[in-house]
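Please read the points with the structure in view.

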Amino acid sequence: MSLLVVEGLGIKFGGLHAVKDVGFTLKSGEIVSIIGPNGAGKTTLFNMISGIYLPLAGRVMLNGEDVTGMSPNRLAERGLSRTFQNLQIFQSMTVLENVMAGFHLQARGPVLSDMLGLPGSRRRSREAEAGARLLLERVGLERAAEREAGALSYGALKRLEIARALALRPKVLLLDEPAAGCNAVETEEIDHLIAAVAAEGVSILLVEHDMKMVMRISNHIVVLDYGEKIAEGDPATVSRDKRVIAAYLGAQATEAANADG
Amino acid sequence: MPELMQFLLSGITVGAVYALVALGFTIIYNASDVVNFAQGEFVMLGGMITVFAYQAGLPLPLAALIAIAATAAAGVAFNKLAIETARGAPVVSLIIITIGASIFIQGVAQVVFDKQLHRLPAFSGDEPLHVFGATILPQSLWVMGGALIVFVGLWVFFTRTLTGRAVLATSNNRLAAQLVGINTNFVMTLSFGLSAAIGALAGVLVTPITLTSYQIGISLALKGFAAAMLGGMGNPKGALVGGIALGLLEALTAGYLSSQYKDAVAFVVILAVLFAMPQGLFGRKAMERV
Amino acid sequence: MKLSAKQASLLVLAVLIVLSPFFFPSGYYFRVGSLLFVNGLAVVGIVILTGFAGQISLGHAGFVGIGAYACALAPAYLGLHPALSAVLGAVVSGATAYLVGRPILRLKGYYLAVASLGFGILVSMVLANEARWTGGPDGIKTPDLGLRGLLADMGLELTNPQFWYALSGLALLIGAWLALNLRDSPTGRALRALHGSEVAARTVGIDVAQAKLMAFVVSAVYASASGSLLALQNRFITPDVAGYMHSIELVTMAVLGGAGSVLGAIFGAGILTLLPQALTVFQNYEQIMLGLVMMLVMVFMRQGLLPSVLGLMRGRGE
């Protein structure tokens, strides 16, 4: 059954359609990628699905419930979690604390209990810490746990965001360019991580510029251009689609040609 | 009705001063995202320097000119020495810096000048004029006229001159402005100088009516800040409307309700407006980019 | 055994409070010390609001005023015991903070600053103008707490300044302990997270508006408790405690010392409490010095004095 259903989603900025009438579905454990040239509206689409922008048209259904325009924190309670293209890290907290903050929904408790340091509060913190350390190991950051997050490299911060998002034990995970700025080794690690997470039954919606990675791990691909969906299908179908080649792969081919020449 | 007319006239006079202070907030906020709590001190400096230059025997217009130039220089120095050096600091730190500057300028003023109340002679005499049964001091007309000229002048500056457009572009998007070759540091310097000069002018104009002393800056800064928020922070039109609205509210409250609570009621109304219209009357709705 | 940062902070604070009196040249310093602790208590509240949650209030002295006048008015008009009056003040402050903060804290930016500013001015005006009830600008007397007498009956004789030094010091320790607990608790992490990135905080499930509101209410209770202590030890209170300048002082103390650190903020309270005492000789230059210090520290030591100095020392040690 479809975990996430997006129907006719649209939004305007300054009178211009940034995204127009985009729809697709995401099944349990599936990896769906959104691709398209820069400015195609991928991140804007993410921001609407994750409740940061209020869509002008269309709706988002999560697990059969209409969640259109619902605030991100309430979506988090319903099992939707995400990372950000331009890193939203809690800079002055440690790496460990960043991931512990991801356990907020399980760890939160009465403020009085937290101020008095009651056993319940300390237990909640301990559990969050144990979970956070496991996740840091999973993304290979266990040795940086006590460092201030702001001091980490870009690639490490990308993985930190994934760890934080996984802390919510999401049903749907939105990853916005998780491999951007990462070297080949790191990209492959992230590649494996995403596949492993999906194998556990988490549905993943992915925006990524690394085409090799997208083609390799996606079950389904949605192609945007100028805010509109121009094609969708499995990787093989999409990569043969004429309009896709014209709009996106064409642009990349030109880039590649330029780079070669 | 003459009573109401009287309140309206005095409200607009005070409101014109608030509008000028709010305009100072707006200009600096647009150029640098800094809310400059030292804005009221510029008004104080304008009045005080004029008073002392005038007492030293200079003719009034020259004294006023010197005061405005000196205050503008102080504004530029403040930007160069403190604000530019602290670029990138968190908002709280910037607020503390401007409050620190406000306290510092007050401290300097009480040492260089004194702690007394001072007055200036009215520019065109003290003979009240009669309008619809109410009276108005000629100096009030100076204040209103001065504010009007400043707002019209700035409107022309921002829309008709290249430099003005550069300032507007910077306030919309600093990075983009830099990319198209606008010297954003110069824009900030200009904004601080301009705000300080406008504040000083307000001080010169209003001192014959309200008198001045080293500590008048704080309450003016608070009122100007409130007026700017009421109109919508960052919008010059909002500063004008917010300032006049605040002046009128105060005058009407003082006239019909309680003079003790005139300042309080103004803040209550501002709170109510903020609850209902968080962006202020003319503020633009910002969308967060992530 | 290795001390955690929290335990180390509390230990340093406790040692300073207990040992300082041995170096006091005169009894007057007990007064200065208790004033420092009272300010420190309010500033710890600012740490929770500004240092942890990143929100600015320019009207916290309003809550100091509520706490202070509760101890004068509730005994006089309701016949409450002064200690209960302080509790009542804290409840009223918390409730007021909730009502003022609820609509405002959903918004971003300078709105809390302007709303709290308006609120603080409102409180100080009511206190100054309703002379029939509050004594007006001349102030009002507060009753004796009675605790010192009780201690004397039990055989513990303290001078009045000594007693208030001890009680305020204890209150500050408790306040610091609570704030340090909060810092490393799930709620504290949520506050610091939303300070770092509101969007990210929301995507991990933090109800940002509610978390900010909570920080505002808690910090208001701190300010109220500080006001109550001040009123009871001075046996007299004027509307100045609720004024704009006092609000600014509190924020400045916190940010100057280091708003992100409980110990740093108390250090800031110490400096700004002691500086005027030291500068009375240069009375005319006090404002110049104060303004200059504020600007210099903020421009050159953005984390605040204590964290910057500690960072320097650590850098040199390694």
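1. The contact between chains B and C draws 39 residues from chain B and 33 residues from chain C. The model under review is a predicted one. On the chain B side, α4 (91-112), α9 (217-231) and α11 (262-276) each supply at least two residues. The largest share comes from α4(B), with 15 residues. By class, this side of chain B has 30 nonpolar, 7 polar and 2 charged residues.

2. Chain C also meets chain A: 25 residues of chain C are in contact with 36 residues of chain A. Helices α8 (160-183), α9 (186-196), α10 (198-203) and α11 of chain C each give at least two residues to the side that touches chain A. Of these helices, α9(C) provides the largest share, 8 residues. The side of chain C that touches chain A comprises 11 nonpolar, 9 polar and 5 charged residues.

3. Within chain C, helix α2 (residues 28-52) and helix α11 (residues 208-234) have axes that come within 8 Å and cross at roughly 170 degrees. The two helices are therefore roughly antiparallel to each other. Residues of α2(C) in the contact include C:Ser34, C:Val38, C:Leu41, C:Gly45, C:Leu49 and C:Phe52; among those of α11(C) are C:Ala215, C:Phe216, C:Ser219, C:Tyr222, C:Ser226 and C:Gln233. The residues of this contact divide into 16 nonpolar, 5 polar and no charged.

4. Helix α13 (residues 262-279) of chain C has 18 residues. From its first C-alpha to its last, α13(C) reaches 26 Å, close to the 26 Å expected at 1.5 Å a residue. Buried residues of α13(C) include C:Val262, C:Leu263, C:Ala265, C:Ile266, C:Phe267 and C:Leu272. Also buried in this helix are C:Gly264, C:Gly268 and C:Gly270.

5. Which residues have the most contacts inside the largest nonpolar core? They are B:Ala19, C:Val43, C:Val47 and C:Ala265, in a core of 292 residues. Helix α11(C) gives the most to this core, with 18 residues.

6. Not counting residues up to four places away in sequence, C:Val47 touches C:Phe52, C:Ala179, C:Ala254, C:Ala259, C:Val262 and C:Ala265.

Key
Residues are numbered from 1 along each chain as its sequence is written. Chains are lettered from A and ligands numbered from 1 in the order in which they are written. This is a predicted model: local features need pLDDT of at least 70, side-chain atom pairs count only at pLDDT 80 or more; totals for chains, interfaces and linings use all residues. Axes are lines fitted to C-alpha atoms, for helices over the stretch in contact, and angles run from 0 to 180 degrees between N-to-C directions. Helices (H or I, at least four residues) and strands (E, at least two) are DSSP runs, numbered from the N terminus. Angles under 35 degrees count as roughly parallel, over 145 as roughly antiparallel, 65 to 115 as roughly perpendicular and the rest as oblique. Two residues are in contact if their C-beta atoms, placed from the backbone, lie within 7 Å. Ala, Val, Leu, Ile, Met, Phe, Trp, Tyr, Cys and Pro count as nonpolar, Asp, Glu, Lys and Arg as charged, and the others, Gly among them, as polar. The expected span of a helix is 1.5 Å times one less than its number of residues. A residue is buried if 20 or more other C-beta atoms lie within 10 Å of its own, exposed if 12 or fewer, and partly exposed in between; C-beta atoms are placed from the backbone. A nonpolar core is a set of buried Ala, Val, Leu, Ile, Met, Phe, Trp, Tyr and Cys residues joined through C-beta atoms within 7 Å.
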